[in-house]
Amino acid sequence: MQAFALSTRPLEGEPFQILNARGGERVFRGPVGARRPALSAGWPYVYSLDLGALTRAGRYVLSLGGARSPGFAVDEPARLYAPLVSAALSYYQEQRDGRDVIPGPLNRAPAHLADARASEYRVPRFSGASLAGPLVSTGRRVNASGGWFDAGDYLKFVETASFDEVAMLFSLREYASGIPDPAGLRREARFGLDWLLHMWDQRRAVLHDQVGLGDGGGRVLGDHDVWRLPQADSRPVPRGSSRYFLVFRPVFAANAPGQPISPNLAGRTSAALALCAQVFASTDPGYARRCLTAAQQIYDRANTHPRGPLTTAQPYQYYPEREWRDDMELGASELFLATRQLGGRGLRHADAGFYLRRAAHWADAYLASPGNGGDSLNLYDVAPLGHFELVRILREPAVGRQARDAGLPVDPGSLLSDLRDQLNTAVRASSADSFGLSDPASPVDTVPHALGFAIQARMWDALTHSGAYETLASTELNWTLGANPWGSSFIVGAGSVYPHCLAHPIANLSGSLTGGGAILRGATVDGPTSLQNLARVGAPDGFRACPADRVDPFAAVRTSTSGYRDNVQSFSTSEPSNDYVALALLASAQEAAAG
């Protein structure tokens with residue numbers, strides 16, 4: 001266990017104390033440790049403090065040179081991280097759309113009821129993110145009801161919902177002992193799965209991938225143009241109204257009828273539905289088989305020779321994913337497991353070996369791809385999870401013999417080597433950072449990258465029965481939870497200091513702005529970002545000012561390239577996103593189960 005000290009003067013060898021948070025008595029004393037790389041010219045001294053001798057459960061504060069830290073807890077991993085799993089579940093419940101909402105702390109109400117008979121539209125033209133052409137209906141109706149709002153807006157995407165489901169269902173399958181309410185998380189996962197199944201039109205072989213218009217243009221208002229509670233979008237308006245597409249939301253399709261589907265969407269959506277089949281096989285075999293049938297159909301439609309940008313969202317710049325072979329590897333791995341578990345009756349591909357060959361093919365293709373090794377586990381790269389699944393599959397004696405006989409292009413050794421190379425790169429980056437952050441996209445997307453490395457480090461150690469990357473895993477997770485230059489957790493409700501001023505209309509209009517009372521517990525923000533992004537602040541009229549005194553408590557802590565703001569107008573640092581919460585849920589369940 002370690003802490004960090006940030007200073008404007010040298011502190012080598014100075015004593016620090018750990019005090020009982022209640023009584024104030026000293027429980028531990030030690031010297032300031034090794035100096036780490038400077039944060040900035042204004043903060044040239046950063047030190048690590050070894051708290052290894054502090055093992056007794058309790059709540060403490062650290063005292064150094066007249067300054068005191070916020071309170072922090074020491075306890076068994078299960079006690080510390082299981083509440084974060086519960087918080088993530090609470091977050092998804094608050095993000096529900098449609099009629100079946102849960103009021104929760106933020107007093108949610110049904111919203112977007114017209115989605116039950118939404119109109120399908122052709123993908124329009126955009127100028128940047130703004131609408132630049134007319135919305136043209138195809139005349140078809142889609143049941144797009146339910147699902148989760150994607151982030152601090154009310155759009156719904158298959159791109160992110162499929163990732164959320166993978167994280168939820170994988171956690172339920174692998175780390176159930178670390179989940180306080182497995183039945184509750186299973187219900188929430190099914191809520192999202194129902195929406196994914198709605199978005200797949202089996203008869204026409206069309207995958208609808210988005211509900212809602214983000215940025216409008218001309219007289220058309222989009223979701224990002226109006227700050228309001230979602231239930232406001234259920235009040236009928238005439239067709240000529242500028243708010244028409246807020247109420248009668250367009251649904252877009254990822255492919256024309258019968259045509260191939262972008263492989264990132266096909267691979268990851270099939271992975272989510274195949275995990276559905278595995279998780280629900282024993283409790284609801286009919287639902288499990290429905291998921292598996294859809295998963296096989298969607299996977300078969302993947303466009304494995306894509307040209308130009310992948311299909312992610314309309315417009316593409318919302319989620320500019322570039323790699324797709326990882327999604328195909330993960331999809332095939334989960335389909336192998338689901339097909340083998342449920343049996344072959346009535347399926348397109350009754351032989352699970354069909355998917356084993358494809359998983360190995362796409363794993364090998366990923367190893368040779370331009371994107372290999374350049375990311376951590378996150379929305380844009382699920383290869384670490386695909387490798388984890390495939391290593392365990394190939395290690396089964398019977399499967400291993402089958403793989404060798406078939407001459408499959410990968411084996412457990414090559415996949416583990418790829419994971420190790422990526423983790424070694426992360427270790428080097430962490431060692432060079434003042435507080436140990438490893439982020440290949442630095443200085444943006446800091447939180448999802450830290451969480452991704454924490455998860456995949458634990459996975460590698462589990463596969464190898466070692467603790468080789470224990471330090472990396474704990475450093476990245478601790479950075480997310482407050483061991484960073486700002487001393488703030490980036491998960492709402494976690495720790496003593498966390499975001500209060502979310503760029504999220506529901507939290508802003510219906511919740512507390514002080515961090516107590518009604519908060520969007522479990523919301524996970526992107527965290528520190530580039531100074532260029534910090535300059536881009538703003539929100540539509542109607543938000544409640546936060547912080548109310550307009551004072552930025554983190555203004556003094558910036559580097560030459562990055563900073564952090566807890567401000568309702570700072571979307572780049574303070575907007576929660578479902579895929580970030582999915583990573584936090586998976587990382588927390590993993591930690592709680594290990595403890």
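**Ground rules.** I number residues from 1 along each chain as its sequence is written, and I use heavy atoms for side-chain values, with hydrogens and water left out. As the model is predicted, local features need pLDDT of at least 70 and side-chain atom pairs count only at pLDDT 80 or more, while totals for chains, interfaces and linings use all residues.

**Overall build.** I looked up the secondary structure and got 17 helices and 18 strands. Both are DSSP runs numbered from the N terminus: helices are H or I with at least four residues, strands E with at least two. The radius of gyration is 24 Å, close to the 25 Å that the globule rule gives for 595 residues, so the chain is as compact as a globular protein of that length. (The radius is taken over C-alpha atoms; the rule is 2.2 Å times the number of residues to the power 0.38.) I have the C-alpha trace spanning about 70 × 65 × 40 Å along its principal axes.

**Surface and contacts.** The accessible surface comes to about 22,700 Å², and 50% of that belongs to carbon and sulfur atoms; the areas are Shrake-Rupley with a 1.4 Å probe, and for residues only the protein chains shown count as cover. Of the 595 residues, 57% count as buried, meaning under 20% relative accessible area, with exposed over 50% and partly exposed in between (1.4 Å probe, protein chains only). I also checked contacts, meaning heavy atoms within 4.5 Å. Among those between residues at least 6 apart in sequence, 72% join residues at least 24 apart.

**Cores.** I count a nonpolar core as buried Ala, Val, Leu, Ile, Met, Phe, Trp, Tyr and Cys residues joined through side-chain atoms within 4.5 Å. The largest has 150 residues, and Leu169 and Leu394 touch the most other members. Helix H5 (residues 263-280) gives the most to this core, with 11 residues. Leaving aside neighbours within four places in sequence, the contacts of Leu394 include Leu356, Val399, Ala403 and Leu415, plus Asp411. A second, separate core has 16 residues, among them Leu11, Val32, Tyr60 and Val74.

**Glu389.** I found Glu389 in helix H9 (residues 383-395). Is Glu389 buried or exposed? It is buried, with a relative accessible area of 1%. Not counting residues up to four places away in sequence, Glu389 touches Phe170, Arg173, Leu330, Ser333, Glu334 and Leu337.

**Aromatic pairs.** My search of the whole structure gave 25 pairs. Rings of Phe, Tyr and Trp (its six-membered ring) pair if their centres lie within 6.5 Å; planes under 30 degrees apart are stacked, over 60 edge-to-face, the rest tilted. Phe157 and Tyr318 have ring centres 6.4 Å apart and planes at 75°, so they are edge-to-face. Phe157 is in strand S13 (residues 156-157) and Tyr318 in the loop between helix H6 (285-300) and helix H7 (325-342), so the pair ties together parts 161 residues apart in sequence. Phe157 is buried at 3% relative accessibility, and Tyr318 is buried at 18%.

Trp479 and Phe490 have centres 5.4 Å apart and planes at 45°, so I logged them as tilted. Trp479 sits in helix H13 (residues 470-480) and Phe490 in the loop between H13 and helix H14 (505-510).

**Charges over rings.** Here I need NZ of Lys or CZ of Arg within 6 Å of the ring centre and within 35 degrees of the ring normal. Arg190 lies over the face of Phe280 at 5.8 Å from the ring centre, and Arg358 over that of Phe354 at 3.6 Å.
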